[in-house]
Amino acid sequence: GLLIAAILLIGFSIVGIFVLDGVAQSVIQSKGSEGLGVKVTIESVHIGFFGKDSSIKGVTIGNPEEFVSEKYPYLLTIKESHIEFSILQILDKEVIIPIVTVEGVVLNLQQNSGKSNIETVINNVSSDETPKGSHPDPPFNIETLTIRDITVIASGKFTVLNSGPVTAHIKEITMHNIGSDGDAEVATEAITSAVTHAIMDH
């Protein structure tokens, strides 16, 4: 009797984890697409249950319609992200995520006339009327965010000479204490500064 109960418990746990991963993937894709105003797709999502081993693989964020081409269908792609997070942490008063590592990022920046592709997406986020709380519940904090192996492809007015696409590589960007109680603008400025310097160096 105990053996059968244990087997059933393990079976239900495994099924539950797969269902949780599928739901998380669906929610991220639908809410991401809705908020950004462009199609967001994800190859796979794993949410840690028994351990803090969550991951997201194969993220693609589509280019706004007016910038889409056969060569540049995406604004951003991410090979994989690893997050020290367990779903059980949502029961805590504050979700502390010690480490998030993002690897294999390709960012395509385009601006020919008027707004750029990144500005278009930012405007979509700003005009999104989806109800938002003033604070996530529970609040969260990422202690260390590391982004590695970044490729930036800039064209149009993003380049100094405006003579053709420029490809720049950034080995690593590391930021600390990013979350609902932190200053998100500081993180944005750090990434923007790194990208700008990388483009200017080319």
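Predicted model: local features only at pLDDT ≥ 70, side-chain atom pairs only at ≥ 80, totals over all residues.
Residues are numbered from 1 along each chain as its sequence is written, and side-chain values use heavy atoms, with hydrogens and water left out.

Back to Gly-51. You'll find Gly-51 in the loop between E1 and strand E2 (54-62). Helices (H or I, at least four residues) and strands (E, at least two) are DSSP runs, numbered from the N terminus. At 27% relative accessibility, Gly-51 counts as partly exposed; the cut-offs are under 20% relative accessible area for buried, over 50% for exposed, and partly exposed in between, with a 1.4 Å probe and protein chains only. And Leu-88, 37 residues away from Gly-51 in sequence, sits 9.2 Å from Gly-51 in space, C-alpha to C-alpha.

Now the overall layout. We've got three helices and six strands, and along the sequence they run α-β-β-β-β-α-β-β-α. The chain has 202 residues, of which 36% count as buried. Take the contacts between residues at least 6 apart in sequence: 63% of those join residues at least 24 apart. The accessible surface is about 12,400 Å², and 61% of that belongs to carbon and sulfur atoms; that's Shrake-Rupley with a 1.4 Å probe, and for residues only the protein chains shown count as cover.

So what do the six strands form? An open sheet, in the order E1-E2-E3-E4-E5-E6, with mixed pairing. Two strands pair if DSSP finds at least two bridges between them. Strand E1 (40-46) and strand E6 (166-179) are the edges; each has a single partner strand, so one side of each is left without a neighbour in the sheet. On average, neighbouring strands here are turned by 10° against each other, direction ignored. Axes are lines fitted to C-alpha atoms, for helices over the stretch in contact, and angles run from 0 to 180 degrees between N-to-C directions.

What packs on the sheet? Helix H2 (residues 117-127) does, touching strand E3 (74-83) and strand E4 (95-111), and its direction makes about 130° with that of E4. Within H2, Asn-117, Thr-120 and Val-121 are buried. They cover an arc of only 95° around the axis, which puts them on the same side of H2; the arc is that of the directions from the helix axis to the C-beta atoms.

Over to E5 and E6. Strand E5 (residues 140-156) pairs with E6 in the antiparallel sense, over 12 bridges. Thr-144, for one, stands opposite His-176 in E6.

Thr-151 is also in strand E5. Buried or exposed? Thr-151 counts as buried, at 14% relative accessibility. Its side chain and that of His-169 are joined by a polar contact of 3.3 Å, meaning a pair of N or O atoms within 3.5 Å; within protein, one must be able to donate a hydrogen and the other to accept it, and residues adjacent in sequence count only if both atoms are side-chain atoms. Beyond four places in sequence, the contacts of Thr-151 include Val-105, Val-106 and Leu-107, as well as Thr-167 and Ala-168.

One last thing, on backbone angles. Most residues other than glycine have a negative phi. Asp-149, not a glycine, has a positive phi of about 55°, and Asp-149 is in strand E5. Asn-177, not a glycine either, has a positive phi of about 55°, and Asn-177 lies in strand E6.

Key: Contact = heavy atoms within 4.5 Å.
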